[in-house]
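Dear colleague,

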Amino acid sequence: MDFTLSEEQLMIKQAAKDFAQSELLPGVIERDETQTFPNELVQKMGQLGFLGMMVNEKYGGSGLDTLSYVLAMEELSKVDASASVMVSVNNSLVCWGLETYGTEAQKEKYLTRLASGEIIGAFCLSEPEAGSDATSQKTTAIDKGDHYILNGTKNWITNGNRAEVYLVIAQTHVEKGHHGINALIVEKGMEGFEIGPKENKLGIRGSDTHSLLFNDVKVPKENRIGEDGFGFKFAMKTLAGGRIGIAAQALGIAAGAYELALQYSKQRKAFGTEIANHQAIAFKLADMHTKIQAARHLVYQAACDKDAKRDYTLSGAMAKLYASEVAMETAIEAVQVHGGNGYVKDYHVERLMRDAKITQIYEGTSEIQKIVISRSILKD
Ligand code: CAA
């Protein structure tokens, strides 16, 4: 597999790197501490085209490939995973879902504004009792002819308060199980739609995570995505691509932690020499570098599969599973390399360690990825 990057891809990687260093880095510790969503930075990311990277230019997107998107995700995530999860959800789950399965009217009304970053979106599948077990949807969308009446609660929703457009998965025909589920476009401000409390999280604290409450919300039928009953397939297909974005985020967290550890180990002295000269540290760096490169190949492979229109469910799940493990492991080791300094906020690695954990949980836990992978390899 040849992963030589084109000039355009290299430019995008560099643009994301420059933005991360000059704009995201300066306030990242404070945003983490105060759980502040980077409103102004989101606007700038929209202007730079990071919020609708793969969307066709005719809908206001950047018209780029998935590989460009993962390159940008990696660079942003090296510095600020709270900002990058917002980028990932808007690109992979909301924009991609709408562009691929939405009607022309839905694209014109919502996608153009989402792709340009004028507004951002949220993807609402998880519920208090339907996380990994996503077919057990308790939120209902009852068919009332020209509209649905939506009732229920969604949990841990990224961009929960900051979004304007929400893709909500809900059960319409209980007797049909997952074939009776629909995906509806819900707008902020619709009567009966309430934003619940913000979650006080271990990591990605700058991202805006809320529960959402729907109480007799009237959603017009033209806001349904796809045919009646397509909602669960919609969620699965969308998440298959979303997992590539989160895999790239995990890769970025790992690479960010590694780069900090490498730099630190060449400056910090102990026992009369830079700690990089001690094999205990050098071997940690060797392990990190090797695993990150392996993760990068899996992430690029999944992105290339998607761009080549090959099936990417398996490669995306493998990339997410492995890259998130590498992120966690690398971030823990980066803290260890930093010693006491690693345990304080100024050195960034403790934040990356806290941020890494979520990549093993959202958009399908590691255990769910193993279900997806094992079913795929056992089916033939
Ligand atoms: N593409 C298309 N269809 C798919 C699919 C895919 N990748 N995966 C499953 N399906 C279809 C199946 O074919 C099946 O349909 P049919 O009956 O018509 O064949 C249907 O979906 C149900 O599939 P299963 O029978 O396999 O259902 P299951 O209950 O055994 O398991 C699961 C499915 C893979 C475990 C699924 O429930 C799952 O992915 N769970 C994890 C959910 C998840 O990732 N949540 C993340 C929340 S979003 C988030 O985190 C966003 C954020 O804010 C960051």
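Predicted model: local features only at pLDDT ≥ 70, side-chain atom pairs only at ≥ 80, totals over all residues.

In soluble globular proteins, nonpolar side chains tend to be buried together. Here the largest nonpolar core has 98 residues, and the members that touch the most others are Met45, Val70, Leu98 and Leu167. Helix H7, which spans residues 231-267, supplies the largest share of this core, with 18 residues. Apart from it there is another core, also of 18 residues, which includes Ala122, Val168, Met190 and Phe193. Returning to Met45, and leaving aside residues up to four places away in sequence, this side chain's residue touches Phe19, Phe50, Leu51, Leu76, Ala83, Met86 and Val87.

The helix pair is H4 (residues 66-79) and H5 (residues 81-101), which pack at an angle of about 155° with their axes 7 Å apart. Angles over 145 degrees count as roughly antiparallel, and H4 and H5 are therefore roughly antiparallel to each other. On the H4 side the contact is made by Tyr69, Met73, Leu76, Ser77 and Val79, while H5 contributes Ala81, Ser84, Val87, Ser88, Asn91 and Ser92. Sorted by class, this contact has 6 nonpolar and 5 polar residues, and no charged ones.

Finally, an unreviewed UniProt entry places the feature "domain: Acyl-CoA oxidase/dehydrogenase middle" at residues 122-217. Over residues 122-217 the chain is 50% strand and 0% helix, and the end C-alpha atoms lie 17 Å apart.

With best wishes

Technical notes: Residues numbered from 1 in each chain as written. Heavy atoms only, no water. Core = buried A, V, L, I, M, F, W, Y, C linked by side-chain atoms within 4.5 Å. Buried < 20%, exposed > 50% of the residue type's maximum accessible area, 1.4 Å probe, protein only. Helix = DSSP H or I, 4+ residues; strand = E, 2+ residues; numbered from the N terminus. Contact = heavy atoms within 4.5 Å. Axes fitted to C-alpha atoms, helices over the stretch in contact; angles between N-to-C directions. Parallel < 35°, antiparallel > 145°, perpendicular 65-115°, else oblique. Nonpolar A, V, L, I, M, F, W, Y, C, P; charged D, E, K, R; others polar. UniProt positions renumbered as here; feature names shortened; annotations may be inferred.
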